[in-house]
Amino acid sequence: MDEVNILIIGGGIVGCAIAAELSKQWQDVFVVERFPRVGMATSTRNSGVIHSGIYYSPGSLKARHCLQGNALTFAFCEEHNVPHRRTGKLVVATETHEQAALEALYNRGRENGVEGLRLIGPAEIREREPHIAGFAALDVPSTGIVSAEELVRAYARVAGEQSAHIVTRAQVVSLEPTAKAIRVGIRLGEDLSTPAKTPRSQDARTDAPTHAGQDEMASQETIEARCVINAAGLYADDVAKLIGNYSWKIYPVRGEYCEVRGRRRALINGLVYPLPHADGLSLGMHFTKTIWDTVLIGPTARYVKEKDDYERDRLTVADFAEGARILVPEITDGDLQLAYSGLRPKLVPPDQHGMADFVIERDARVPQMIHLVGMESPGLTAAPSVARQVAQMVGEILA
C-alpha cells in the first residue's frame, strides 16, 4: 500500500490552489480528480469574475477569504501570466426604491474592508456604460475578470512544478480511518460515469449499488494518507459520507448564460450587475465583458435535482432578453444566443433563504480529514486565501 502525506480530493480551483500552496512545504501531495482534466465543473462554468468582497456578512469566511483572495489572485495572475484584467464593476439600482439596498451594500463592503467604493449617479453611469438604464450605482474598482480555465491550469502547473502529483480520471470510493491515517480507495479508469463497487467505511449507513462488469472498465487502488482534504465541490457531501460524516447536504443550483451576438456586444463596456437577490440565491443576472471581449448575460439561478443536470429544460433566448432589458432596455431577442451553464454547490435548501458561509473544518471524529463544503462563489477569488488557511490546518495535523 502506497503511503503519502496529503491527498486532496477534487481538482477544481480550490483543490488545485491548495495543492499549489501545500506543495511549497510538503512532499507527497496528491490530487485526485474524477474528470479527465482539472477544473471541468463549477470552477470554469462561471463568469470568471475576481470578486471584491462586498456581498458577504462581515466576519464570515466568505468575506475574509474574498477580500484576501482578491489581492492574492491578481498577484498570482501577474506572476504566472494568467490572462486577467482589473475592470471594476457597477452594481446598478434601476428604481428609486432600490436606493436603500444600494447604500446597505456600500456600507457592507466598507465594513468588510473593500477599498475605493463610491456611490455614483446617472450621469457617471452613462459616462461608463452609455446603454445602461440606472438611477444610481455602486462603483467597485477592485473587481476584475480572469480566464478561469487558465487560472485552474496555472495552479495545477505550479503544484506540479513543486512535485505535487495530479491524477485525473480518479474517483475516491472509500475512506477508512486508521489510528494515524486514512485508507483511501480510489477507482481509476476511463469510464467513471457508473457507480463504483465501493468498500464501505465503518460508519456507512447504506450499501452502494454495484454493476456487473465494472472491474473490466476500471481498476482500484488503495492509498494511506496522513491527511485527506475534501475539496470535491458538488460532491463534497458525498465524500464526507464516506468517512461517516452526514453533516451537510449540497443542493445543486444551475446557472445559465446567454451571449450577446456580434457588434451588439458594444452595448456593454465592462461588468454591470443588478442588486443581488433578496433571498440570497444569486448575485443577479449580470453583464460580463470577458477576457476575449465577448459579453455574457447570466447566470440565472434554479435548483435542480441532479449534480450533472446542465441542459434539461434550458431557458430560452426570450427569457434572457426579458431579464436583460431591466438593465439594457434596447436588447432584443435577436441580439442573443444561448451559451453554457454551470452548477453551484449550495448549502441552503430550496425552501429556505439566505447565503450560507463556506465550511472549512476538520472532521469531528476523524481529525486527519479536512472538509471544504459549499465552496460556491466567491470560491474562484477566495481559493488562494482558503489554501493558506488549509495549510495552517494541515500543519497541525502533520506536526
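Which handedness does the crossing of H1 and H5 have? The crossing of H1 and H5 is left-handed, a term used when the near helix is turned anticlockwise from the far one by less than a right angle, with clockwise giving right-handed.

The model is predicted: local features need pLDDT of at least 70, side-chain atom pairs count only at pLDDT 80 or more, and totals for chains, interfaces and linings use all residues. Residues are numbered from 1 along each chain as its sequence is written, and side-chain values use heavy atoms, with hydrogens and water left out.

**Stop 1: H1 and H5**

Select residues 13–22, helix H1, and residues 148–161, helix H5. Helices here are DSSP runs (H or I, at least four residues) and strands likewise (E, at least two), numbered from the N terminus. The two helices pack at an angle of about 30 degrees, and their axes are 8 Å apart. Axes are lines fitted to C-alpha atoms, for helices over the stretch in contact, and angles run from 0 to 180 degrees between N-to-C directions. H1 is therefore roughly parallel to H5; angles under 35 degrees count as roughly parallel, over 145 as roughly antiparallel, 65 to 115 as roughly perpendicular and the rest as oblique.

From H1, select Ile 13, Cys 16, Ala 17, Ala 19 and Ala 20. Their partners in H5 are Leu 151, Val 152, Tyr 155, Ala 156, Val 158 and Ala 159.

**Stop 2: H2 and H9**

Move to helix H2 (residues 61–80) and helix H9 (residues 379–398), which pack at an angle of about 100 degrees with axes 6 Å apart. That angle makes H2 roughly perpendicular to H9. On the H2 side, the residues in contact include Leu 61, Arg 64, His 65 and Cys 66. On the H9 side, Leu 380, Thr 381, Ala 382 and Pro 384 are among them.

**Stop 3: salt bridges**

Side chains of opposite charge can pair when their charged atoms come close. A salt bridge is counted when a side-chain nitrogen of Lys or Arg is within 4 Å of a carboxyl oxygen of Asp or Glu. How many salt bridges does this rule give? The count is 21.

Select Glu 21 and Lys 24, a salt bridge whose closest N and O atoms are 3.2 Å apart. Glu 21 is buried at 14% relative accessible area, whereas Lys 24 is exposed at 54%. Buried means under 20% relative accessible area, exposed over 50%, and partly exposed in between (1.4 Å probe, protein chains only).

Next, select Asp 139 and Arg 118, where the closest N and O atoms of the salt bridge are 3.0 Å apart. Asp 139 is in strand S7 (residues 136–140) and Arg 118 is in strand S6 (residues 118–120), so this pair ties together parts that are 21 residues apart in sequence. Asp 139 is buried at 6%, and Arg 118 is partly exposed at 35%.

Then go to Glu 224 and Arg 183, which form a salt bridge at 3.2 Å, N to O. Glu 224 belongs to strand S12 (residues 218–230) and Arg 183 to strand S11 (residues 182–189), so the parts tied together are 41 residues apart in sequence. Glu 224 is buried at 16%; Arg 183 is partly exposed at 31%. Elsewhere, salt bridges with shared partners join Arg 254, Glu 256, Arg 302, Asp 309, Glu 311, Arg 312 and Arg 314 into one network.

**Stop 4: Arg 302**

Arg 302 is partly exposed, at 33% relative accessibility. Beyond its neighbours within four places in sequence, Arg 302 is in contact with Pro 252, Val 253, Arg 254, Glu 256, Arg 312, Asp 313 and Arg 314.

**Stop 5: Thr 290**

Select Thr 290, in the loop between strand S15 (286–289) and strand S16 (295–298). Is Thr 290 buried or exposed? Thr 290 is buried, at 6% relative accessible area. Not counting residues up to four places away in sequence, Thr 290 touches Arg 85, Ile 145 and Leu 296.

**Stop 6: cysteines**

Finally, colour the cysteines. The whole structure has 0 disulfides, a disulfide being a pair of cysteine sulfur atoms within 2.5 Å. For Cys 227, the closest cysteine sulfur is in Cys 16 at 16 Å, too far for a bond. Cys 227 is buried at 0% relative accessible area, and Cys 258 is buried at 0%.

Key:
Contact = heavy atoms within 4.5 Å.
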